[in-house]
Amino acid sequence: QHQKAVQERNTLATRLVDRHSELARQYEKKNFVDTHSRKADVELLALEEQIRFCNLEMADLRRCIERAVNLVHDRKEMEKRLVALQLELLDEQKRLTTLEQEMINPEGS
């Protein structure tokens, strides 16, 4: 009976050592996963910050594009107005020339 108790104790001790070894491996795996998870979290935060920065940059670029489009539109309107004013000036210059001619030669009218 003593022999049987010693054998059972040895078997239980072996199982206990095996379980302890398995537990140690599981803790190593958990630590590995935790470490990589923390690294991934830091990288994720950095990427999120880059995304926020890029979104701000895109908003600035959109505002710049909108201003440029408005400037192009304003320039086109100004060019149309310039053409109209140039035509009006030409008409007024012709009228002035006509009036000058009438003053020089009043009988020709």
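## Terms and model

Buried means under 20% relative accessible area, exposed means over 50%, and partly exposed lies in between (1.4 Å probe, protein chains only). By that scale Glu 77 is partly exposed, with a relative accessible area of 39%.

This is a predicted model, where local features need pLDDT of at least 70, side-chain atom pairs count only at pLDDT 80 or more, and totals for chains, interfaces and linings use all residues. Residues are numbered from 1 along each chain as its sequence is written, and side-chain values use heavy atoms, with hydrogens and water left out.

## Helix α1 and Ala 68

Helix α1 covers residues 2-104 and contains Ala 68. Helices are DSSP runs (H or I, at least four residues), numbered from the N terminus. Ala 68 is partly exposed, at 37% relative accessibility. Its C-alpha atom is separated by 34 Å from that of Leu 45, 23 residues apart along the chain.

## Salt bridges

A salt bridge is a side-chain nitrogen of Lys or Arg within 4 Å of a carboxyl oxygen of Asp or Glu. The count comes to seven.

One of them joins Arg 63 and Asp 60, at 2.2 Å from N to O. Both lie in helix α1, three residues apart, about one turn of the helix. Arg 63 is partly exposed at 44%; Asp 60 is partly exposed at 35%.

Another pairs Arg 52 with Glu 49, at 2.9 Å from N to O. Arg 52 and Glu 49 are also three residues apart in helix α1.

Lys 80 bridges to Glu 77, with the closest N and O atoms 3.8 Å apart. Lys 80 counts as exposed, at 56% relative accessibility.

Note on methods
Helices (H or I, at least four residues) and strands (E, at least two) are DSSP runs, numbered from the N terminus.
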